[in-house]
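Hi everyone, thanks for coming.

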Amino acid sequence: MKHLLSAADLSHKQAVRILDTAGQMAATQAREIKKLPTLRGRTVVNLFFEDSTRTRISFETAAKRLSADVINFSAKGSSVSKGESLKDTALTLQAMGADAVVIRHHASGAPHTLAHSGWTHGAVVNAGDGMHQHPTQALLDAYTLRRHLTGAGDPSGRDLAGLRVAIVGDVLHSRVARSNVQLLHTLGADVTLVAPPTLVPVGVEAWPAEVSYDLDAAIDTKPDAIMMLRVQRERMSSAGGGFFPSPLEYTRNYGLDARRLAAMPEHAIVLHPGPMNRGLEISAEAADSPRAVIVEQVANGVAVRMAVLYLLLSGSGATTETNETKVDA
Amino acid sequence: MSSALPESAQPDDAQSQQPAEATVVLGGQEISRALTRIAHEILERNKGGSDVVLLGIPTRGLPLARRLAAKLAAVEPTLQAADLVGSLDVTMYRDDLAHHPTRTIGSTDLPGDGLDGKVVVLVDDVLFSGRTIRAALDAISDLGRPRAVQLAALVDRGHRELPIRADFVGKNLPTSTHERVRVLLEETDGRDAVLIEGGAR
């Protein structure tokens with residue numbers, strides 16, 4: 001694993017390993033001294049071409065907790081606004097010696113281009129590209145699901161076999177949904193996508209997931225977890241962008257409110273990748289209920305990103321796949 | 001992490017591959033006797049075991065620490081074996097992370113009261129370069145402030161690269177750097193033995 005570009009690239013073994021490593025990282029974050037010397041002297045560049053609060057802060061925190069040097073770059077206020085290309089930006093970062101580049105870009109595939117163009121020698125971590133992928137979000141969701149739903153005790157080594165997860169809302173524009181469908185499938189969970197027909201992407205029948213247009217029917221099948229997606233109005237042209245008649249109708253049909261929350265099984269948890277549109281896809285009662293693990297997702301995000309940075313950046317690089325290798329150097 | 005092999009390799013694949021020239025230097029009986037002696041030395045040195053915390057370094061230091069704790073509790077009935085033992089993973093403090101394939105991180109668990117004011121006895125299977133112990137000392141300083149730190153190793157094979165020495169040693173084993181010392185334990189490998197492999201012996 002040289003880069004982390006897509007949740008689809010992860011094998012079952014790699015995914016479980018990242019989650020196990022995240023578990024150990026999370027344990028260190030409960031200590032008084034949270035900083036570890038592991039990545040001392042390494043440089044992580046956060047290259048953000050798109051607005052972000054929690055992902056950027058989460059990556060920055062993760063890198064700093066591992067003692068890496070962090071350089072934050074946001075397109076606003078940089079030479080990108082003067083018209084600099086991704087290539088020239090990447091070459092600049094390479095010249096500054098970046099060991100890892102965490103990139104968020106509005107164009108799907110930008111991280112892939114960066115990783116395979118030879119513009120930078122560092123590891124590339126996709127922090128969200130267009131409507132394509134957001135693998136670390138899927139990993140932190142899987143980590144959160146595993147912590148809550150795979151029984152008591154240390155969850156190390158477990159996957160999500162047999163868990164049933166409903167992903168609800170704006171699937172069309174959601175890189176979170178794409179990454180989650182692939183990763184949760186890899187880990188053995190059954191995924192149901194619930195969305196209005198206008199917000200279901202073309203080609204969804206090829207995804208390893210069921211599709212439903214009826215949230216109440218999906219809740220009646222007793223899912224173990226429900227993941228609400230943000231309605232991405234910035235990617236729609238007008239109020240509803242023609243995807244749904246009105247926000248109120250969307251809320252009536254696809255919003256998680258107190259009634260639907262009560263209809264869910266006792267043990268089921270509510271996830272949301274944030275930022276939430278309270279009152280649109282999720283009501284305040286649902287968002288603030290004890291079954292919502294939305295704030296915990298943010299904390300888990302730091303541990304998962306520490307794990308990803310550790311696995312990508314420590315080690316000689318060549319054989320990160322080998323778990324227990326004998327070294328005769 | 002064990003430092004049983006040159007450059008302190010990961011030891012988990014050790015038990016199945018045992019070349020013909022492996023020499024058994026300690027058997028189960030001798031290991032048990034050595035641990036009994038170390039347990040008595042720990043109690044003698046620290047005038048009892050009331051402040052002692054045994055921190056085993058995964059993989060094989062941890063079962064050794066558990067065995068030592070059981071022996072301490074057998075000698076001093078006031079001690080509870082389970083309250084004496086912790087696990088200290090040093091992976092994230094190693095100085096050679098960049099030179100090896102990525103290591104899997106083990107777990108760190110401290111006994112209830114933490115480390116402040118305690119006498120920490122680090123327990124590892126093989127003491128070799130001393131780098132694992134250097135990492136362990138760094139890890140400890142992030143976890144608390146013990147009154148003292150001591151080191152117990154089942155085997156001291158020499159070739160130190162740092163100014164570190166063990167307080168309690170099961171067996172001093174003069175080796176050449178070409179040889180490998182392997183510790184097998186019931187809990188991880190199905191049997192107890194210390195082996196030397198390779199080299200001209």
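Which residues point one way from β2(B), and which the other way? V52(B), L54(B) and G56(B) go one way, V53(B) and L55(B) go the other, and all are buried. By buried I mean that 20 or more other C-beta atoms, placed from the backbone, lie within 10 Å of the residue's own.

Quick housekeeping. This is a predicted model, where local features need pLDDT of at least 70 and side-chain atom pairs count only at pLDDT 80 or more, while totals for chains, interfaces and linings use all residues. Residues are numbered from 1 along each chain as its sequence is written, and chains are lettered from A and ligands numbered from 1 in the order in which they are written.

Back to the strand, which covers residues 52-56 of chain B. Strands here are DSSP runs of E, at least two residues, and helices are runs of H or I, at least four, numbered from the N terminus. Strands pair if DSSP finds at least two bridges between them. β2(B) pairs in the parallel sense with β4(B), residues 119-127, over 5 bridges, and there V52(B) sits opposite V119(B). β2(B) also runs parallel to β3(B), residues 85-87, with 3 bridges, and L55(B) is opposite G86(B).

Now chain A. That one has 11 helices and 9 strands, and buried residues make up 49% of its 329 residues. Its C-alpha trace spans about 60 × 50 × 40 Å along the principal axes.

Definitions and conventions: Buried ≥ 20, exposed ≤ 12 C-beta atoms within 10 Å, placed from the backbone.
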